[in-house]
Amino acid sequence: MKKLIEIKALSFGYRDNRVLEDIDLDISEQDYLLVIGPNGGGKTTLLKLILGIIEPWSGSITFNKDISNRLGYVPQSSNFNKNFPITVFNMVLTGCINSGNFLKRYRKEDIEKTEKILEQVNLYDKRNENINNLSGGQLQRSLIARSLVSDPAVLLLDEPTASIDISSKVNLKDFLNQLNEKMTIVVVTHDLTAFARTYTHIACINKNLYPHGKGELNTQVLEKVYGCPVELLGHGIPHTILKNHG
Amino acid sequence: MADMLNILSYEFIQNAILAGLLASIVCGLIGPFIVARQMVFISGGLSHTAFGGLGIAYWMGVNPLYGATAFVLLSAAGIGFLEKKTEKSDLFIGILWAVGMAIGIVFIHLTPGYAPDLMTFLFGNILTVPRSDIFIMSILVLFVTLSVLIFYKGLVSISFDEEYAKTRKLPVRFLHIGLLLLIGLAIITMIQVVGIILVIALLTIPVAIAEELSINFKRIMIISILLGIWICWSGLFISYYIEFPSGASIILMGSILLCLVKIIKKSIGFLQHTSHIS
């Protein structure tokens with residue numbers, strides 16, 4: 001598989017507090033990567049570094065020339081201005097904006113593409129509603145739709161299951177599986193159960209990064225990452241239940 | 001009716017009508033961004049720094065509007081550059097707010113004689129806006145309007161989701177500082193209509209009403225402009241006929257309208273809810 005993103009010796013921190021240290025990670029075509037780890041372990045920070053929202057202290061992130069401008073981002077639903085008066089259609093349409101066209105009017109193709117993707121995520125009927133009126137699952141789909149209108153090669157999602165119910169989680173999992181046939185998926189999450197049996201790789205992160213292939217995850221690995229006892233429940237789904245946080 | 005037509009023939013009334021119209025256009029174009037980006041405190045700080053420029057210009061014997069413009073734009077740029085370097089930007093804005101006022105007071109004190117015009121700038125008097133200032137206001141409104149039209153997509157993008165705008169490689173910092181400068185120009189346009197102290201109300205009340213009536217950002221802008229015109233003109237005629245202070249009349253008209261819209265909307269919601277239950 002073609003390597004799309006190559007991260008080498010990456011370090012970053014806030015003020016004097018080093019959050020990520022010496023991170024090496026390769027992300028390739030068709031990968032479905034889960035990034036897990038404790039709060040403050042640097043999961044979201046890694047995502048922001050890949051997206052160029054923040055600059056690393058040291059190290060490098062190299063993109064395959066075919067995808068340098070084709071990263072799709074689905075933020076946590078708490079990261080944007082939920083009180084902003086905007087319809088679902090207009091919100092998804094903002095995904096077409098980039099540095100090269102933000103001074104120009106939307107093209108006819110942008111509008112058609114937005115309508116098509118709203119149909120794809122089953123939100124066409126909601127297109128004229130305020131985003132405030134959407135349920136957690138619908139809002140999540142509208143955010144994914146916004147990132148899809150820019151035709152991404154890699155889709156990066158930050159805690160996509162944080163505020164949605166169980167049936168929406170199942171739908172999200174199925175939808176991401178479909179998308180993974182066409183693009184690389186990177187998910188930062190606490191919720192391993194929602195993505196069970198779907199991912200191709202797991203990266204455990206807590207300042208340092210521990211990459212694993214499918215099926216390599218076990219109690220010892222998780223305890224090392226979380227820094228406290230961890231219990232994996234049965235039925236083939238690795239739950240991360242912390243026995244005690246002491 | 002004849003009385004009304006007679007009033008409209010006065011040049012000071014014509015100027016007041018034009019000033020109200022111009023102020024309403026900028027409040028409708030910029031106000032929605034201030035509310036969406038929660039920049040009300042920054043805008044309040046900027047309007048009060050204008051007083052420092054007014055005081056210095058008055059002491060130097062030049063048009064106070066020039067001094068206010070220079071002070072507000074410098075403050076806007078200063079806030080824009082310092083915001084990223086310090087996490088205590090609201091502390092900086094609060095200091096700027098007070099220092100601007102203090103400078104103004106000191107320079108008025110240093111200027112010999114009474115300064116009646118400065119009361120106009122503090123509390124606004126739409127009936128005393130001279131034709132020369134209408135010309136300056138028109139240029140400011142033209143500049144603000146063109147800037148908002150050109151940068152509309154980028155400004156909406158950073159107002160809704162700044163982080164996402166960064167991932168799309170938009171010049172977020174440029175757009176934010178640009179918006180601060182536009183807020184500064186909007187404040188200058190409105191100072192003579194409602195005054196430094198009440199400017200923030202005219203920037204936010206029409207938007208608060210418009211948000212009750214629409215969920216579309218462009219429509220909110222248009223409704224805010226129309227509401228601004230109604231509020232300014234009704235305040236103007238109340239001020240003329242019953243000799244109330246014009247700035248306060250305008251803001252009170254806006255506040256009454258806001259209360260009415262809220263009450264009507266709540267009542268409709270309540271009636272719909274009860275009919276649904278029954």
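This is a predicted model: local features need pLDDT of at least 70, side-chain atom pairs count only at pLDDT 80 or more; totals for chains, interfaces and linings use all residues.
Figure 1. Of the 246 residues in chain A, 53% count as buried. The secondary structure of this chain amounts to 6 helices and 11 strands. Among contacts in chain A with a separation of 6 or more, 66% come from residues 24 or more positions apart. Chain A has an accessible surface of about 11400 Å², and carbon and sulfur atoms hold 45% of that surface.

**Figure 2. Area buried between chain A and chain B.** The two chains bury about 2800 Å² between them, with carbon and sulfur atoms giving 59% of this area. On the chain A side, the residues that lose the most area to chain B are Phe84(A), Pro85(A) and Phe102(A), which together make up 24% of what that side buries. In terms of contacts, 36 residues of chain A meet 25 residues of chain B.

**Figure 3. Salt bridges and polar contacts between chain A and chain B.** There are 2 salt bridges between the chains. One of the residue pairs joined by a salt bridge is Lys48(A) with Glu163(B), whose closest N and O atoms lie 3.1 Å apart.

**Figure 4. Elements and residue classes on the side of chain A that touches chain B.** At least two residues of this side are supplied by each of helix 1 (43-51), strand 5 (71-74), helix 2 (88-93) and helix 4 (136-148) of chain A. By class, the residues of chain A that touch chain B comprise 15 nonpolar, 15 polar and 6 charged.

Methods. Residues are numbered from 1 along each chain as its sequence is written. Chains are lettered from A and ligands numbered from 1 in the order in which they are written. Side-chain values use heavy atoms; hydrogens and water are left out. Contact means heavy atoms within 4.5 Å. Buried area is the accessible area (1.4 Å probe) that two parts lose on being put together, summed over both. A salt bridge is a side-chain nitrogen of Lys or Arg within 4 Å of a carboxyl oxygen of Asp or Glu. A polar contact is a pair of N or O atoms within 3.5 Å; within protein, one must be able to donate a hydrogen and the other to accept it, and residues adjacent in sequence count only if both atoms are side-chain atoms. Helices (H or I, at least four residues) and strands (E, at least two) are DSSP runs, numbered from the N terminus. Ala, Val, Leu, Ile, Met, Phe, Trp, Tyr, Cys and Pro count as nonpolar, Asp, Glu, Lys and Arg as charged, and the others, Gly among them, as polar. Buried means under 20% relative accessible area, exposed over 50%, partly exposed in between (1.4 Å probe, protein chains only). Accessible areas come from the Shrake-Rupley method with a 1.4 Å probe; for residues, only the protein chains shown count as cover.
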